[in-house]
Amino acid sequence: MNALLIYPEFPETFWSFKHALKFLGKRAAQPPLGLMTVAALLPGAWNKRLVDTNVEPLRDRDLAWADVAMLSGMHIQSESLLAIVERCRARGLRTVVGGPIASSVPAVELKADHVVIGEAESLIAGLARELEEGTARPLYQAAERPEMTASPLPDMSLIKMKRYSTMTVQYSRGCPFNCEFCDIIEIYGRRPRTKAVAQMLAELEQLRAAGWRDSVFIVDDNFIGNKMRAKELLRALVAWRAQTGAGFEFITEASLNLADDTELMQLMKDAGFKSVFLGIETPDESGLISSNKLQNTRRSLLDSVARIQSYGIEVMGGFILGFDTDKDDIFDRMVEFIEKSGIPIAMVGLLQAMPGTQLFRRLRSEGRIVDAGGGNNTFCDRLNFLPRMDAAKLVEGYRGVMKRIYNCEAYYERVKLYLNRAHPKPAAGDRASREPQQTEPWMTRSNLRALVNSIVRQGVFGRHQWSYWKFLAEAATRYRRCFGAAMTLAVMGYHFQVMTQKLSKAIDAATQLAESGQILLRETGRPVL
Ligand code: B12
Ligand code: SF4
């Protein structure tokens with residue numbers, strides 16, 4: 001059998017990092033780990049090719065070669081995925097669709113010959129056999145969630161590594177918390193399942209052997225969902241890095257209670273963790289309580305963030321506007337919180353009721369669901385539910401927050417606040433203070449290229465040249481010890497500024513459509529689901 005694994009294209013969003021990746025000469029942030037895992041699970045005798053349409057075109061000759069097309073994706077990739085399925089069908093090529101999209105979009109709407117809901121590890125052997133025999137069923141759903149020890153070494157040979165800025169590995173799936181809006185716990189469950197430490201080291205060795213030296217994203221839903229297992233891995237990582245000299249920098253996702261465990265933060269620092277994404281959601285405690293985000297309550301969120309940053313770890317934050325509890329002052333409170341947090345990359349989105357979540361079920365029972373949404377809440381010009389606050393006011397308030405936090409000056413101020421906390425100036429007289437603080441050499445060829453591109457695009461042709469040069473001068477002097485981190489964030493800021501302008505235009509267009517009655521933006525429409 002010839003299996004063609006296809007990853008559909010992402011639309012341009014805050015999370016695509018498209019405008020920053022250009023500086024690095026990369027085409028996408030991360031490779032499709034789901035498909036690389038599926039490839040490794042398929043029979044060894046099968047021939048496999050992988051086309052990630054985010055980094056290369058899908059050619060007719062690939063389709064002609066294939067006996068079966070196997071697609072993966074998130075809800076947000078629906079448009080591209082459906083177009084590819086259609087293209088395959090037109091040629092009579094059999095299609096199988098899996099990945100998170102299969103949990104959010106009804107199987108019949110995916111128009112594929114076969115849909116696989118859930119994780120592939122336990123059911124792929126049966127699917128492969130039935131595909132070979134021509135007896136495959138329209139729908140497969142794993143009876144139970146597999147143990148991660150059943151997950152194979154992802155097939156790296158199928159991707160064009162150099163086209164990505166970050167490689168990915170996965171240690172655990174699932175999260176023990178129970179946030180109302182979350183679809184992670186619906187898809188991957190509440191019991192964190194981890195791989196064995198040896199499996200992880202083998203994956204990292206595979207990357208190292210392939211010549212990878214940059215950042216590695218540990219794509220867990222919550223890396224500290226099982227703290228004991230996280231520490232076990234971290235200790236092994238510290239030893240492995242010391243032994244191999246691997247210069248990997250790690251990024252991951254975790255819950256905010258990371259700030260309560262100094263041993264965990266120290267181990268993450270020692271193991272080379274440079275950045276962690278935290279779901280902070282809202283500075284309003286009643287919003288946290290109503291959405292069952294209880295791990296973020298009864299604490300100072302700002303102190304928790306600062307504590308993590310003090311271990312040299314950048315905090316990226318997820319924020320949500322549109323909770324039932326949000327009052328008119330939420331927009332100012334959100335901006336003030338983000339300013340004080342020193343979180344440069346703040347992913348602020350409108351609440352979205354993802355199909356399959358507790359939130360979706362509640363709002364449907366209250367007659368407030370409008371449609372299934374588009375699977376993207378951070379580049380969002382409309383709502384898929386009827387909010388308590390006037391919908392137009394909410395969308396407008398969201399636009400205002402984005403414009404204020406990604407205003408050039410405000411952004412650089414946050415970067416500096418973060419740098420001061422994560423890379424504090426050593427005390428005067430401290431001998432180490434006269435040594436360069438950079439641990440890894442930053443001036444690599446690709447970083448130099450990014451720096452030159454940044455100077456040209458932001459400093460010469462950018463709209464905020466003065467702010468940029470001022471920041472660059474400070475990065476080269478006051479923040480010389482962490483110049484790399486400062487300039488990486490300057491480049492990321494460019495992406496967020498471009499996207500905020502695009503978001504603002506999209507909201508204008510959506511508002512016009514709403515005013516002409518073509519889409520629902522105010523609380524005047526009728527729920528459709
Ligand atoms: C890394 C990651 C990203 C990366 C992109 C990685 C990439 N190249 O795809 C980044 C950070 C860019 C990202 C962004 C976003 N992401 Co994301 N992301 C993840 C994360 C954390 C890990 C993905 C991964 O590699 N998993 C590891 C692999 C092994 O798991 P898997 O893909 O599920 O594959 C298994 C099964 O699904 C199945 N399978 C998968 N494909 C196929 C195909 C076939 C044929 C078969 C048979 C089986 C099968 O078998 C695999 C092995 O069991 C997941 C959470 C998660 N646990 O997966 C969220 C997740 C996929 N992201 C999600 C979302 C919502 C987003 C955003 C839309 C966020 C936003 N609000 O804007 C953006 C969109 C991207 C964009 N450009 O705009 C949601 C998707 C929900 C949904 N139902 O679609 C998830 C599930 C997180 C969540 N909150 O629920 N994301
Ligand atoms: S902490 Fe994050 S992953 Fe866990 S349930 Fe809440 S939103 Fe979902």
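## Loops and backbone

Arginine 298 sits in the loop between α12 (285-290) and α13 (301-309). The model is predicted. Phi of arginine 298 is near 50 degrees, a positive value in a residue other than glycine. Arginine 298 is exposed, because its relative accessible area of 73% is over 50%.

Lysine 111 also has a positive phi, near 60 degrees, and is not glycine. Its place is the loop between α6 (107-110) and β5 (114-117). Lysine 111 is partly exposed, at 48% relative accessible area.

Two further loop positions concern β6. Arginine 137 lies in the loop between α7 (124-133) and β6. Arginine 137 is partly exposed, at 43% relative accessibility. Its C-alpha atom is separated by 17 Å from that of glycine 92, 45 residues apart along the chain. Threonine 149 is in the loop between β6 (139-141) and β7 (166-169). Threonine 149 counts as exposed, at 53% relative accessibility.

Strand β3 (residues 68-71) is covered on both faces. Val68 and Met70 are buried on one side. Ala69 and Leu71 are buried on the other.

Strand β1 (residues 2-7) pairs with β3 in the parallel sense, over 4 bridges. Alanine 3 has valine 68 of β3 as its bridge partner. Strand β4 (residues 94-97) also runs parallel to β3, joined by 4 bridges. Here leucine 71 stands opposite valine 97 in β4.

## Salt bridges

The structure holds 37 salt bridges. Arginine 49 forms one with aspartate 62, with the closest N and O atoms 2.9 Å apart. Arginine 49 lies in strand β2 (residues 47-52) and aspartate 62 in helix α3 (residues 60-65), so the pair ties together parts 13 residues apart in sequence. Arginine 49 is partly exposed, at 31% relative accessibility. Aspartate 62 is buried, at 2%. Arginine 59 also forms a salt bridge with aspartate 62, the closest N and O atoms being 3.1 Å apart. Arginine 59 is partly exposed, with a relative accessible area of 36%.

Arginine 404 forms a salt bridge with aspartate 332, with 2.9 Å between the closest N and O atoms. This pair links distant parts of the chain, 72 residues apart: arginine 404 is in helix α16 (residues 391-405) and aspartate 332 in helix α14 (residues 330-341). Arginine 404 is partly exposed, at 40% relative accessibility. Aspartate 332 is partly exposed, at 46%. A network of salt bridges links Glu180, Asp324, Arg362, Glu366 and Arg368.

## Surroundings of ligand 2

Cys175, Phe177, Asn178, Cys179, Phe181, Cys182, Ile184, Ile185, Lys293 and Gln295 surround ligand 2. By class, this shell has 7 nonpolar, 2 polar and 1 charged residues.

## Nonpolar surface patch

Met443, Leu448, Val452, Val456, Val460, Phe461 and Trp469 form a nonpolar patch on the surface. Together they have about 670 Å² of accessible area. Helix α18 (residues 445-460) gives the most to this patch, with 4 residues. Valine 456 lies in helix α18. Valine 456 is partly exposed, with a relative accessible area of 35%.

Technical notes
Residues are numbered from 1 along each chain as its sequence is written. Chains are lettered from A and ligands numbered from 1 in the order in which they are written. This is a predicted model: local features need pLDDT of at least 70, side-chain atom pairs count only at pLDDT 80 or more; totals for chains, interfaces and linings use all residues. Side-chain values use heavy atoms; hydrogens and water are left out. A residue is near a molecule or strand if one of its heavy atoms lies within 4 Å of it. Ala, Val, Leu, Ile, Met, Phe, Trp, Tyr, Cys and Pro count as nonpolar, Asp, Glu, Lys and Arg as charged, and the others, Gly among them, as polar. Patches are made of residues with over 30% relative accessible area and no salt bridge: like charges are joined within 9 Å, nonpolar side chains (Val, Leu, Ile, Met, Phe, Trp, Tyr) within 5 Å. Accessible areas come from the Shrake-Rupley method with a 1.4 Å probe; for residues, only the protein chains shown count as cover. A salt bridge is a side-chain nitrogen of Lys or Arg within 4 Å of a carboxyl oxygen of Asp or Glu. Helices (H or I, at least four residues) and strands (E, at least two) are DSSP runs, numbered from the N terminus. Buried means under 20% relative accessible area, exposed over 50%, partly exposed in between (1.4 Å probe, protein chains only). Two strands pair if DSSP finds at least two bridges between them.
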